[in-house]
Amino acid sequence: MAVEISTIFFFTAFVGSVFVLYHKLTRRKPVFHSKPDKVILHFKTLGSPELSPFRLKLETYLKLCQIPYELSHIRQLSSKGKLPWIEHNGVVVEDTQFCIDYLNNSFNVDLNEKLSPYERSLSRAFQVMIEENTTWCLLLSRWKYERKPKFFQALKVNVVFTYLITKSLMRKSSGHGIGLHTWEEIKSIAKTDLTALSDFLGEKKYLFGNFMTLADCSAFGLLVQICYNHTDSYLHQLVNDSFPNLKDYCDRIRNEYYPDMVLLS
């Protein structure tokens with residue numbers, strides 16, 4: 001028994017050391033290589049790029065604003081240990097929201113310009129709900145409670161790396177607070193969030209009418225994962241059975257802006 005405990009301890013310590021070393025190596029200072037006036041969107045290649053809700057959020061924003069960009073498949077994390085991040089004319093910007101704020105100023109664009117102050121407040125509230133709450137429900141489902149072989153096969157990474165990602169996400173979710181809840185409680189949170197999103201969307205084409213806003217970019221990035229890349233899961237079944245307008249909304253945006261999107265379903 002003592003030998004088994006010792007083996008587990010040393011294995012855990014070894015894996016932890018590898019994890020720390022990996023993050024140190026992948027958080028190097030970015031090398032500037034962006035082309036003049038073109039945005040370089042960096043993200044890590046883990047199988048299909050559509051597996052990342054935040055990459056989809058940022059790329060959808062770039063498409064809508066008609067900002068010239070190119071995708072860069074990279075293993076290097078930003079200095080904050082985050083992906084995606086962008087380069088533009090030698091400037092590095094991290095975190096998708098800071099990227100969008102920077103691009104709004106640099107290209108004089110604003111997806112929310114048609115919104116009233118009241119609607120801007122609603123848009124912000126939905127965006128934060130999606131990114132800081134509902135997305136965590138998805139991540140915990142995907143990486144802990146409803147691990148699907150199809151998803152992990154699409155990642156095309158080895159068992160050790162999968163373990164390291166899982167360990168990191170569990171630690172971060174506990175720090176966030178949502179990871180301390182039971183699976184039943186997390187499902188309840190996700191259902192409440194998706195109910196609010198579905199009720200607000202109603203029969204509209206997009207969240208605020210006939211034009212897309214920043215909140216639509218966030219919602220689309222999330223719903224792609226639920227509708228196409230996390231099938232046979234609670235969230236997938238919930239949207240299909242209870243919120244068909246969210247599925248139609250996601251299909252509509254995908255068909256218009258990503259007709260060649262690679263899906264897991």
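Select Asp232 to begin: this residue is placed in the loop between H8 and H9. The model on display is a predicted one. Asp232 is not a glycine, yet its phi is positive, at about 60°. Its relative accessibility of 62% means that Asp232 counts as exposed.

A second residue of this kind is Asp95. Select the loop between strand S4 (91–94) and helix H3 (96–107), where Asp95 is placed. Asp95, also not a glycine, has a positive phi of about 75°.

**The whole chain**

Now display the protein chain as a cartoon. Ten helices and four strands are present, and along the sequence they follow the pattern α-β-α-β-β-β-α-α-α-α-α-α-α-α. Among contacts with a separation of 6 or more, 75% are between residues 24 or more positions apart.

**The nonpolar core**

Which residues have the most contacts inside the largest nonpolar core? Select Tyr61, Trp143 and Leu194, which hold that place in a core of 67 residues. Helix H8 (residues 214–228) gives the most to this core, contributing eleven residues. Colouring by domain shows that the core draws at least three residues from each of domain 1 (39–107) and domain 2 (117–258). As a general background, nonpolar side chains in soluble globular proteins tend to be buried together.

Centre the view on Tyr61 and show its surroundings. Leaving aside residues up to four places away in sequence, Tyr61 touches Ile67, Ile100, Leu103, Asn104, Val109, Leu111, Leu214 and Cys217.

Next, select Leu169, which lies in helix H6 (residues 159–176). With a relative accessible area of 15%, Leu169 falls under the 20% limit and is therefore buried. Beyond residues up to four places away in sequence, Leu169 touches Trp136, Leu139 and Trp143. A distance drawn between the C-alpha atoms of Leu169 and Trp143 reads 8.1 Å, although the two residues are 26 apart along the chain.

**Cysteines**

Return to Cys217, one of the residues that Tyr61 touches. Cys217 is buried, its relative accessible area being 0%. A search of the whole structure finds zero disulfides.

**Aromatic pairs**

Show the side chains of the aromatic residues. Five aromatic pairs are held in the structure. Select Trp183 and Tyr234: their ring centres are 6.3 Å apart and their planes lie at 80°, so this pair is edge-to-face. Distant parts of the chain are linked by the pair, since Trp183 is in helix H7 (residues 183–201) and Tyr234 is in helix H9 (residues 234–242), 51 residues apart.

Move on to Phe200 and Phe208. This aromatic pair is also edge-to-face, with 5.2 Å from centre to centre and 65° between the planes. Phe200 is partly exposed, with a relative accessible area of 22%, while Phe208 is buried, at 11%.

**Charges over rings**

The tour ends with two lysines. Select Lys63 together with Tyr258: the charged end of Lys63 sits over the ring of Tyr258, at 4.9 Å from its centre. Then select Lys114 and Phe211, where Lys114 lies over the face of Phe211, 5.1 Å from the ring centre.

Technical notes
Residues are numbered from 1 along each chain as its sequence is written. This is a predicted model: local features need pLDDT of at least 70, side-chain atom pairs count only at pLDDT 80 or more; totals for chains, interfaces and linings use all residues. Side-chain values use heavy atoms; hydrogens and water are left out. A disulfide is a pair of cysteine sulfur atoms within 2.5 Å. Buried means under 20% relative accessible area, exposed over 50%, partly exposed in between (1.4 Å probe, protein chains only). A nonpolar core is a set of buried Ala, Val, Leu, Ile, Met, Phe, Trp, Tyr and Cys residues joined through side-chain atoms within 4.5 Å. Helices (H or I, at least four residues) and strands (E, at least two) are DSSP runs, numbered from the N terminus. Domain bounds come from an automatic or database domain assignment. Contact means heavy atoms within 4.5 Å. Rings of Phe, Tyr and Trp (its six-membered ring) pair if their centres lie within 6.5 Å; planes under 30 degrees apart count as stacked, over 60 as edge-to-face and the rest as tilted. A charge sits over a ring if NZ of Lys or CZ of Arg is within 6 Å of the ring centre and within 35 degrees of the ring normal.
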